[in-house]
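Subject: Structure for you, with notes

Hello,

Here is the structure I promised to pass on. My notes on what turned up in it follow below.

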Amino acid sequence: MIKVAINGYGTIGKRVADAAAAQKDMEIIGVSKTRPTAEALVAVKKGYPVYIADITKKASFEKAGILVAGSIEEMVQKADVIVDGTPGGVGESNKALYEKYGKKAIWQGGEDHNLAGFSFNAHTNYKDAIGRQFVRVVSCNTTGLCRVIKALDDKIGVAKVKAVMVRRGADPHVVKKGPIDAVVLDPPTIPSHHGPDVNTVLPHIDIVTMAMIVPTTQMHMHAIQMELKRESTRDEVLDVMKAHSRIGLVQATTGIKSTAELKEYVMDLGRPRSDLWENGVFEASVAVIGKDLYFFQAIHQEADVVIENVDAIRAMAGDVKDPEISIKMTNESLGFVAI
């Protein structure tokens, strides 16, 4: 069993903990919190040992009914792989601790590529992650872009990509962040960071991205234009998407035209936390004119990187060499079939 520790049991960390716990070859040996929050209480109820950053706060945790298993340093010593789910910019400060004990660690897309020196996407570069000490799982938007670009590049060939990211303002539980009544360019310069981030995984792809933030919490939406290397058809593109285990097609017959309706749909399907682990490509939007491909895809910012973290753990542990085997193991353990 791969002993997994979650350093930062928040939006991503708690999801990765549950997904890893569902794997037959992994166990959660601990999660960390800085404060005795509701999430920490849930961790206890799920049977995850809770470790804390500041051991002097142990009394405040235990007063809240949260048994403290020890310090984060003690948790790190017990783990084979640490998934760092701390806020962007914080994870960098944890690297020295992981190095001190020679532990493998995974950071999230909020950290810089250079921190780990390797950025990961399961369908793209799983084999290159085998046995590595440090890995960075790219952001939710970059994950969604890499999946669909890689699939189409392999089967048809992708010459250029232009994409506009319409990003949610904040996660649903974040009550102190906006915008409330504005569309904010994020950034106003071009390209946004998403294109260069794609190039950390797919360096040969010619891509330019633009991004904005809008007053919603549900999901991100991508408006994508690709120039393919040869003429194709809509049916060929749809076949490529349908064959991908982490690309879902939102069928026109469902009547779904928004992120809110899409989240409601997967909630009705019984998905944990109404999580959309796959890209949600709107089938009706897929259009091919000669070599030019256009489509919209929805990306669930809280969820699509979760299964990528699980595959990264397995790759770094080194026992499963074939990416398709790991991807199948991850998906099946969660009962996940793309919509």
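The lining of the largest pocket is made up of 13 nonpolar, 23 polar and 11 charged residues. Here Ala, Val, Leu, Ile, Met, Phe, Trp, Tyr, Cys and Pro count as nonpolar, Asp, Glu, Lys and Arg as charged, and the others, Gly among them, as polar. This is a predicted model, in which local features need pLDDT of at least 70 and side-chain atom pairs count only at pLDDT 80 or more, while totals for chains, interfaces and linings use all residues. Residues are numbered from 1 along each chain as its sequence is written, and side-chain values use heavy atoms, with hydrogens and water left out.

Pockets

The lining of the largest pocket has 47 residues, and those nearest its centre are Ile 12, Gly 85, Thr 86, Pro 87 and Gly 88. A pocket is an open set of points on a 1 Å grid over the protein atoms alone, where a 1.4 Å probe fits, with protein on both sides within 12 Å along at least five of seven lines; lining residues have an atom within 4 Å of a point. The elements that contribute two or more residues to this lining are α1 (11-21), β2 (26-33), α8 (140-155) and β9 (158-168). Helices (H or I, at least four residues) and strands (E, at least two) are DSSP runs, numbered from the N terminus. The largest share, three residues, is from α1. The space in the largest pocket is about 1200 Å³, where a volume is the space filled by probe spheres set on the points, and grid points are joined across faces, edges and corners.

The second largest pocket holds about 170 Å³. Its lining consists of His 123, Lys 150, Ala 151, Asp 154, Lys 155, Val 240, Ala 243, His 244 and Glu 324. Four of these residues come from α8, which gives the most. By class, three are nonpolar, two polar and four charged.

Cores

The largest nonpolar core contains 45 residues, and Val 4, Ile 6, Ile 28, Val 31, Ile 106, Phe 120 and Ile 313 have the most contacts inside it. Such a core is a set of buried Ala, Val, Leu, Ile, Met, Phe, Trp, Tyr and Cys residues joined through side-chain atoms within 4.5 Å. Buried means under 20% relative accessible area, exposed over 50%, and partly exposed in between (1.4 Å probe, protein chains only). Helix α12 (residues 304-317) gives the most to this core, with eight residues. A second, separate core has 31 residues, including Ala 211, Val 237, Met 241 and Val 286.

Beyond four places in sequence, Phe 120 touches a set of residues that includes Tyr 126, Val 137, Val 201, Glu 308 and Ala 315. Contact here means heavy atoms within 4.5 Å.

In helix α11 (residues 259-268), Thr 259, Leu 262, Lys 263 and Val 266 are buried. They lie on the same side of α11, because the arc they cover around the axis is only 100°; the arc is that of the directions from the helix axis to the C-beta atoms. Among the elements covering them are β12 (220-228), β13 (247-250) and β16 (292-299). Gly 270 follows α11 and has a positive phi, near 90°.

In helix α13 (residues 323-333), the buried residues are Pro 323, Ser 326, Ile 327, Thr 330 and Asn 331. Their arc around the axis is only 125°, so they are on the same side of α13. Lys 328 and Glu 332 are exposed, on the face turned away from that buried side. The cover over the buried residues of α13 includes α7 (122-129) and α12.

Backbone geometry

Most residues other than glycine have a negative phi, and most peptide bonds are trans. The bond from Asp 186 to Pro 187 is cis, with omega near 5°. Ile 190 and Pro 191 are also joined by a cis peptide bond, with omega about 5°. Pro 187 lies in the loop between β10 (184-185) and α9 (194-199), and Pro 191 lies in the loop between β10 and α9.

Arg 273 has a positive phi, near 60°, and is found in the loop between α11 and β14 (279-282). Its relative accessible area is 32%, so Arg 273 is partly exposed. Ser 274 has a positive phi of about 50°, but counts as buried because its relative accessibility is 12%.

Regards
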